[in-house]
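Biologist: Can you put the model up? I have some questions about how the chain is put together.

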Amino acid sequence: MSKTKHSSFLLCCLAGVTSWLTGCLAAPEELETGQPEPVQASARRELAPAITLPIEVLGAEGVTKSVTVGLTAQDAQQPLRLWLQVYNLSYANKASVRFNSGAWLPLSNTTVTVEGLGKNYGGIGGAFSTVKLNLGVPTGALVAGSNQIAFRFNTSDGRSIGYRVLKLNLLRADGSRVLPDSLFVQEDPNTWKPPLTDAFSIAEGEKLWRTRQLRRSYKDSTAIRARCMDCHAQDGRDLKYFNYSNASIIERSRFHGLSDLEAQRVASYIRSLPVPNPGRPWNPPYQPGPGLDSRPVEQWAAGAGVDAVVEQNRDMLRYLFPAGITKEAISTARNLSAREVPIFFQLPDWNHWLPAIHPKDAWGDAFVNDRLNMAYNGEGTATPTESMRQLAARVKAAGYTHYRNLLYYPNGLWNLRLFEFLSPRFPSATNGLTAEYSRKVYSTALWHVVKTWEVMQEFGLEDKARLVHPSSRDTRAWMTNSTFDASPHMIKLPVNNTGIKDNSPFMFTYFSMSWYHVALVLFNGNHSDGADRSSQRPLDWGYVPGAIKGLSRTPLGTTPVQGLLTLYLAKGMQTADNTLKPNAPYGAGWTPRTSGDLSRFVVTDLMPGWSDITHAERAAILQAFLSTWWDKTRQYSVSDWLNGGGATTTEVINGFYDGSLGNRIYFMLPRFKYHGADPALVNTIADWAKTVWPQGDWARVKNATCAPHGPYIQCTSDVT
């Protein structure tokens, strides 16, 4: 190993690089002959064996797992902190840690320091399923030589069977890491084997998966109607795809009442499935990140990994504008891939996708006999029709030549049936407003999403988008906006009682935005000229800015979000750039009031979202967007705008920020100029606006001056 490469490795590790993507993890293989390890690292290696990650603390309450770490006398005598990255610390005091024979230390937001945005979003029990945290090591708890660090699963909430420690280290007072990366080994799922390899056991495992009566949990022996195949993909491929370990499958099976032998048979069946397995349970499905589009489509659902989540909002800018902030980067003629732009929040992990309660158990025969259940696989007593699964199988068998049929029938009914079923059951004073009731509604929407994933995966549909929408700029996409429809906002969950995570109001906002973003990644509009919602409006672009604003209002104060808004406005304009005019049905053409609403950049309640972006960067972003927006907007005639394009000659244009296109343009132009957009361009757009809305005082807009008014901006053109 060269001196330069060795130095780079040390700098990476000592700097505490949180992504740990390549440099540090590759280091053990790079320690080639002729280059001795540092003395302290070599000494630690002799004191303790390699640590295999993740550490799965899974099972019944009280289960423990431990690792051995070696310390030099120098490190043992100085103050240290234990640093952890942990998946599924879903409530306070779920886990405890112990050093050697010391006392168990419970992990909660009051006993540890949660790092980064994980803290802003609720910490332990909050929105992030994977959190980074650290806690002080009690004085004298560690000694020179060999030490045991133990982890315990304290108590179950009736749903969880534990958690996973993904990474760990000890930190010195200066933040440097005590344990070398060469100490850690990542477990390779491709080496896993079925616990039982005989054909009989595997066949019995499949039978158990499909038919075995289950109990609610090991704390509640109530029998449930759902079988394993009902909440998961019908053949169990999700557990193989996301690489749930044999131990985790066995423990979950026991949790639901299976014997040890039965649990091993189920795990053997899952492990033997001939399906791709690129994912991990803690990596959120479809989490965006660089390089994802270059991977085979079979790996898309695995996402870019939880470590692809950027640390802060402004980090998105270098991916949105890799060559600097220019209008070329967001040109409406391009396709900015939402799959490749990392974001600063975690999407729902697979455990979150899975329904907490199956619709059969939530609603009983009302669901079993409903057309929604029939639309999935033909079960029930509703009027028989070809189910989505049946049609998908037929489409695949025919070489996908009739894939368009799957989009419009019965898939159009697939989403409609969910709405028809849930609409009369939305939380209300009559139906119920409790967390438990909300969980039933949310779980039904999640079941719908899981079954859509099942069909997309099983029948190989994720790369067939252009068979339906030939003009689509995306080569991979879903055929439906199921994930958008799963958002708490869309299914009317009460803000203060969603039943999600810690049940705080922020969970409503966070998971509304999260599911909207999954929809942006999966099915953002197809850039299609088809004048229907499935072609152009799978997202309701008008909802998204409100959800982005909500994401900025965290339990600990305001968090910047304008990088995210920048992505959405760029995608909205690109999606709407087709041959349709502004007056196309369903807003399927160029729609500056929704998908291209630039006023959102400067609207009062979103202004705090710029706080981590410099004034110069903001000015460049506003100029790039306004110029791009104008290049497209000026292509249409006045009559295009007046005849169903969002403008009338009778609306009152006074600058009051309301739902009308004219007033939003009136409101935004002086603010864009104040923040650095080209005054000449602003005046040109104002002159054009006067031809569409002659009743407005556009000269006042051109001559307006603006100034800070408290935390916001006030302009002389504003209504007083």
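**Around W629**

Modeller: W629 touches M573, W590, P592, G596, L598, I665, M668, I685 and W688, leaving out residues up to four places away in sequence. Touching, or contact, means heavy atoms within 4.5 Å.

Biologist: What should I know about the numbering and the model before we go on?

Modeller: Residues are numbered from 1 along each chain as its sequence is written. This is a predicted model, in which local features need pLDDT of at least 70, side-chain atom pairs count only at pLDDT 80 or more, and totals for chains, interfaces and linings use all residues, while side-chain values use heavy atoms, with hydrogens and water left out.

Biologist: Back to the core. Which residues touch the most other members of the largest nonpolar core?

Modeller: F345, F601 and W629, in a core of 190 residues. Helix α22 (residues 505-522) gives the largest share of this core, 12 residues. A nonpolar core here is a set of buried Ala, Val, Leu, Ile, Met, Phe, Trp, Tyr and Cys residues joined through side-chain atoms within 4.5 Å. Buried means under 20% relative accessible area, exposed over 50%, and partly exposed in between, with a 1.4 Å probe and protein chains only.

Biologist: How much of the chain is buried?

Modeller: Buried residues make up 58% of the 720 residues. The chain exposes about 27100 Å², and carbon and sulfur atoms supply 53% of that; the areas come from the Shrake-Rupley method with a 1.4 Å probe, and for residues only the protein chains shown count as cover.

Biologist: How many helices and strands?

Modeller: The chain has 30 helices and 17 strands. Helices (H or I, at least four residues) and strands (E, at least two) are DSSP runs, numbered from the N terminus.

Biologist: Why is α25 described as largely enclosed?

Modeller: Because 15 of its 15 residues are buried, α25 is largely enclosed by the rest of the structure. Helix α25 covers residues 562-576 and reaches 21 Å from its first C-alpha to its last, close to the 21 Å expected at 1.5 Å a residue. The expected span is 1.5 Å times one less than the number of residues.

Biologist: And the strands: what does β9 pair with?

Modeller: Strand β9 (residues 145-153) runs antiparallel to β3 (residues 64-71), with 8 bridges; V69 has N147 in β9 as its bridge partner. Strand β5 (residues 95-99) is also antiparallel to β9, with 5 bridges, and there V97 is partnered by F151. Two strands pair if DSSP finds at least two bridges between them.

Biologist: Changing topic. How many salt bridges are there?

Modeller: A search of the whole structure finds 34. The criterion is a side-chain nitrogen of Lys or Arg within 4 Å of a carboxyl oxygen of Asp or Glu. One of them joins R172 to D75, with the closest N and O atoms 2.9 Å apart. That pair links distant parts of the chain, 97 residues apart: R172 is in the loop between β10 (162-171) and β11 (184-186), and D75 is in helix α4 (residues 73-76).

Biologist: Is that pair buried or exposed?

Modeller: R172 and D75 are both buried.

Biologist: What about R371? Which residue does it bridge to?

Modeller: R371 bridges to E420, with the closest N and O atoms 3.2 Å apart. R371 is in helix α15 (residues 371-377) and E420 in helix α18 (residues 411-422), 49 residues apart. R371 counts as partly exposed because its relative accessibility is 40%; E420 is partly exposed at 31%.
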